Amino acid sequence: MKAADTLVIGAGAAGCALTGLLVERSDERVVVVEAGPDYGPRDSGRWPASMLDASLRAPGHDWGYTSGDTIYGRVLPFDRARVVGGCGSHNDCQAMIGHRADYDAWAAAGNPGWTAAELEPLIAHLKERLNVRLYADEEVTPFQSASIDAMVSFGLPRVVDLNDLDQDLGVAQNPVNIVDGTRFNAAFGYLDRVRDRPNLEIVAEALCDRLVVEGGRVTGAVVIRDGRRETISAGRVVLCSGVYGSPAILLRSGVGDPAELHRHAIRPAHALAGVGRNLHDHPCATLRFAGTDELVARMQAFARERFCPEEQVIGKGRTAGCSEAFDLHFYTSGGARREDGGAYHWQYTVGLMTSVGRGALTLRSSDPDAPPLLDHGFLRDPTGSDLDRLCDGFAQYEEIAAHPPLAKLLGVEVYPGPAARETSDVRAIVARNIEHAYHPVGTCKMGPASDAAAVVDANGRVHGLDGCIVADASIMPAVPRANTHLPSVLVGERIAASLGA
């Protein structure tokens, strides 16, 4: 007898959505395995306060992924949450969906069913499930309000809802999945509704080692729980382990480029060259200011009366090289609480939404506890377009920050700072100090079998391997113009629908 009709590996944003919908809309037995803890429903009283407090990004529960030595001699953390609820349990709650062109491009690349028009009912549903809302004007902090004014003065239109799929340029307070100051993650929106159903089992603190591949079919998975390996059999396995986890599990299972597998003494079970390729994110550049006593005082006064998050505003901008919609996000970040070390921070980050550069994920070893090697390919596109456009965006944000009323509040620039500007030009500053937006995608690329780089088809089914589906941000062929939390939930909804839920 099978242990599960469907075995879901990973209870992050997509995994929670897919699992919740399958359990809610069918009688099949679903087992979901999560490497991190399960703190139960929203009202269990067991959730750490930091994971509920939406005013700051929550620490801890991290996988320990880093860039290694791939970024100009610096090591960047690639935080991913190891907990039921996934990255929606620790992120900044920016609930963006992107532009119509993002999804239409996925469909045009050979992925039927992914046009924006086809996805709109699912988008509406997930926004309801996650309690996505807009900040009212009176909720916007003094710092964020001054930033909006500066962007409008720069030339960005003041808009109402940044989640309009047809919207190009604009600035507004960003949509959020926050309820009464609480971070409302996908576990609350999808799993809490079905936790008492007899056809659901949540297996927490169980690390997936590999899939069981027999005769061209996946029949289950080997997981490590309490130091012991056990096999869970299933009619089908759905990988929802994220952009770093899902391809690593496939590779450890012998699914991937045989040359890569042989390097780690893994017996190839199914040759699929695209596994781990196409890794990319939104490359970013940052300006940081010391702030003035006036700004600190105004923010502290605001925080005494109201919820005071660090991030509230996003601007959509366009570079000279942009051919459609927009290709920049202008993020603002700054709060009324000091960072570790006793300093306030007031930060402006520009993110390139349509990067061309591509990297890859490869295994460090076959040990499931060893994090993979991650190369996002930042600024390494052959044409140099990514660096050109990011520098363009950086220059635009410098102009926004120089808006006199805002500049008066921001005070001295501390990063990159006067010393860096005296010794380097903007291109060198941006290239040496590249950052990322925590929006990785693409390592199990969705596309037709004729695409040599594709790993799964439009319904997440692994090409040439029965019984195995991938449903998370790893299947996105290109990163959308958005923070990827909502698009990841959308993937879970879309693949659940393809399974009949």
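By the cavity rule used here, the structure holds 3 cavities of 30 Å³ or more. A cavity is a set of points, on a 1 Å grid over the protein atoms alone, where a 1.4 Å probe fits but cannot get out. The model is predicted: local features need pLDDT of at least 70 and side-chain atom pairs count only at pLDDT 80 or more, while totals for chains, interfaces and linings use all residues. Residues are numbered from 1 along each chain as its sequence is written, and side-chain values use heavy atoms, with hydrogens and water left out.

**Overall form**

- The protein chain contains 14 helices and 21 strands; helices (H or I, at least four residues) and strands (E, at least two) are DSSP runs, numbered from the N terminus.
- For 501 residues, a compact globule would have a radius of gyration near 23 Å, and the 22 Å of the protein chain agrees with this. The radius is taken over C-alpha atoms, and the globule rule is 2.2 Å times the number of residues to the power 0.38.
- Along the principal axes, the C-alpha atoms of the protein chain fill a box of roughly 70 × 50 × 45 Å.
- Of the 501 residues in the protein chain, 61% are buried. Buried means under 20% relative accessible area, exposed over 50%, and partly exposed in between (1.4 Å probe, protein chains only).

**Largest cavity**

- Rolling a probe the size of a water molecule over the atoms shows where empty space is left.
- Grid points are joined across faces, edges and corners, and a volume is the space filled by probe spheres set on the points.
- Its lining consists of A285, T286, F394, Y415, P416, I429, V430 and N433; lining residues have an atom within 4 Å of a point.
- Strand β13 (283-289) and helix α13 (426-432) each supply at least two residues of this lining.
- The lining of the largest cavity has 6 nonpolar, 2 polar and no charged residues. In this classification Ala, Val, Leu, Ile, Met, Phe, Trp, Tyr, Cys and Pro count as nonpolar, Asp, Glu, Lys and Arg as charged, and the others, Gly among them, as polar.
- Y415, one of the lining residues, is joined to P416 by a cis peptide bond with omega about 0 degrees. P416 is in the loop between β19 (413-415) and α12 (417-423).
- The charged end of R288 sits over the ring of Y415, 5.1 Å from its centre. The rule requires NZ of Lys or CZ of Arg within 6 Å of the ring centre and within 35 degrees of the ring normal.

**Second largest pocket**

- The volume of the second largest pocket is about 260 Å³. A pocket is an open set of points with protein on both sides within 12 Å along at least five of seven lines.
- Among the 20 residues that line this pocket, D102, E324, T354, A478 and R481 are the closest to its centre.
- Helix α3 (residues 100-108) gives the most to the lining, with 4 residues.
- By class, the lining of the second largest pocket has 9 nonpolar, 5 polar and 6 charged residues.
- R481 also has its charged end over the ring of F326, 6.0 Å from the ring centre.

**Aromatic contacts**

- The whole structure has 13 aromatic pairs. Rings of Phe, Tyr and Trp (its six-membered ring) pair if their centres lie within 6.5 Å; planes under 30 degrees apart count as stacked, over 60 as edge-to-face and the rest as tilted.
- W63 and Y65 form a stacked pair, 5.9 Å centre to centre with 5 degrees between the planes. W63 is partly exposed at 26% relative accessible area, whereas Y65 is buried at 7%.
- The pair of Y65 and Y244 is edge-to-face, because the ring centres are 4.9 Å apart and the planes lie at 70 degrees.
- This second pair links distant parts of the chain, 179 residues apart: Y65 is in the loop between α2 (49-52) and α3, and Y244 is in helix α7 (residues 242-252). Both Y65 and Y244 are buried.
- One aromatic cluster is formed by F143, F289, F330, W346, Y348 and Y397.

**Loop residues**

- N131 has a positive phi, near 55 degrees, in a residue other than glycine. N131 lies in the loop between α4 (116-129) and α5 (142-154) and is partly exposed, at 33% relative accessible area.
- Y438 likewise has a positive phi, near 60 degrees. Y438 is in the loop between β20 and β21 and is partly exposed, at 24% relative accessibility.
- A453 is placed in the loop between β20 (435-436) and β21 (468-470) and is partly exposed, at 31% relative accessibility.
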